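Please look over the sequence and the fold shown here. The report then walks through them step by step.

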Amino acid sequence: MKILIISSDPVGKQMAGLGIRNYQIASELAEKIKNSEVTLAVPNEPNLMEEKFQIKQYKNNFSKFFLIRQHDLIISQGFGLAGIAFYF
């Protein structure tokens with residue numbers, strides 16, 4: 001199963017609020033759900049190296065939509081999916 005967590009807040013060496021929460025969700029899912037591919041989508045250039053899951057940057061709604069189409073399960077909080085309905 002391919003799981004995508006969309007963070008509307010930056011994730012990196014300095015994080016706050018939703019960024020921390022989404023990073024922890026990705027980490028726990030990657031650890032607990034064996035044989036899954038977990039990706040954390042972030043609005044900033046990733047500056048963390050993570051072995052349990054991938055961290056990918058989205059630059060706009062189209063690149064976010066492209067990531068969504070590649071996954072089976074999408075998790076988003078806050079405004080992570082704002083503006084995406086146009087592409088469906």
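Helices (H or I, at least four residues) and strands (E, at least two) are DSSP runs, numbered from the N terminus. By that definition, the chain holds 2 helices and 4 strands. From the N terminus on, their order is β-α-β-β-α-β.

This is a predicted model, in which local features need pLDDT of at least 70, side-chain atom pairs count only at pLDDT 80 or more, and totals for chains, interfaces and linings use all residues. Residues are numbered from 1 along each chain as its sequence is written, and side-chain values use heavy atoms, with hydrogens and water left out.

**The chain as a whole**

A residue is buried under 20% relative accessible area, exposed over 50%, and partly exposed in between (1.4 Å probe, protein chains only). Of the 88 residues in the chain, 36% are buried. The chain exposes about 5500 Å², and carbon and sulfur atoms supply 54% of that area. Accessible areas come from the Shrake-Rupley method with a 1.4 Å probe; for residues, only the protein chains shown count as cover.

Contact means heavy atoms within 4.5 Å. Take the contacts between residues at least 6 apart in sequence: 56% of them join residues at least 24 apart.

**Strands and their partners**

Two strands pair if DSSP finds at least two bridges between them. Strand 1 and strand 2 pair in the parallel sense, over 5 bridges. Here Lys2 stands opposite Glu37 in strand 2. From strand 1 the chain passes through helix 1 to strand 2, and this β-α-β crossover is right-handed. That term applies if, with the strands pointing away from the viewer, the path from the first strand over the helix to the second runs clockwise.

Strand 2 also runs parallel to strand 3, joined by 4 bridges. Thr39 has Gln54 in strand 3 as its bridge partner. Why is strand 2 largely enclosed by the rest of the structure? Because 5 of its 6 residues are buried.

**The nonpolar cores**

In soluble globular proteins, nonpolar side chains tend to be buried together. A nonpolar core is a set of buried Ala, Val, Leu, Ile, Met, Phe, Trp, Tyr and Cys residues joined through side-chain atoms within 4.5 Å. The largest one here has 12 residues, including Ile3, Val11, Tyr23, Ala30, Val38 and Phe53. Strand 1 (2-6), helix 1 (17-32) and strand 2 (37-42) each supply at least two of its residues. Helix 1 gives the most, with 4 residues. Apart from this core lies another, of 6 residues, among them Leu4, Ile6, Ala41 and Tyr58.

Leaving out residues up to four places away in sequence, Ala30 touches Val38, Lys52 and Phe53.

**An aromatic pair**

Rings of Phe, Tyr and Trp (its six-membered ring) pair if their centres lie within 6.5 Å; planes under 30 degrees apart count as stacked, over 60 as edge-to-face and the rest as tilted. By this rule, the count is 1 aromatic pair. Tyr23 and Phe53 form it edge-to-face, with 5.4 Å centre to centre and 70 degrees between the planes. The pair links distant parts of the chain, 30 residues apart: Tyr23 sits in helix 1, and Phe53 in the loop between strand 2 and strand 3 (54-57).

Beyond neighbours within four places in sequence, Tyr23 is in contact with Val11, Met15, Leu40, Leu48, Glu50, Phe53 and Ile55. Tyr23 and Val42 are 19 residues apart in sequence, and their C-alpha atoms are 9.8 Å apart in space.

| Residue | Relative accessible area | Class |
|---|---|---|
| Ser7 | 0% | buried |
| Phe53 | 4% | buried |
| Tyr23 | 16% | buried |
| Asn35 | 77% | exposed |

**Two loop residues**

Ser7 lies in the loop between strand 1 and helix 1. Which residues does Ser7 contact, leaving aside neighbours within four places in sequence? They are Leu18, Gly19, Asn22, Leu40, Ala41, Val42, Pro43 and Tyr58.

Asn35 lies in the loop between helix 1 and strand 2. Most residues other than glycine have a negative phi. Asn35 is not a glycine, yet its phi is positive, about 60 degrees. The C-alpha atoms of Asn35 and Lys2 are separated by 9.1 Å, although the two residues are 33 apart along the chain.
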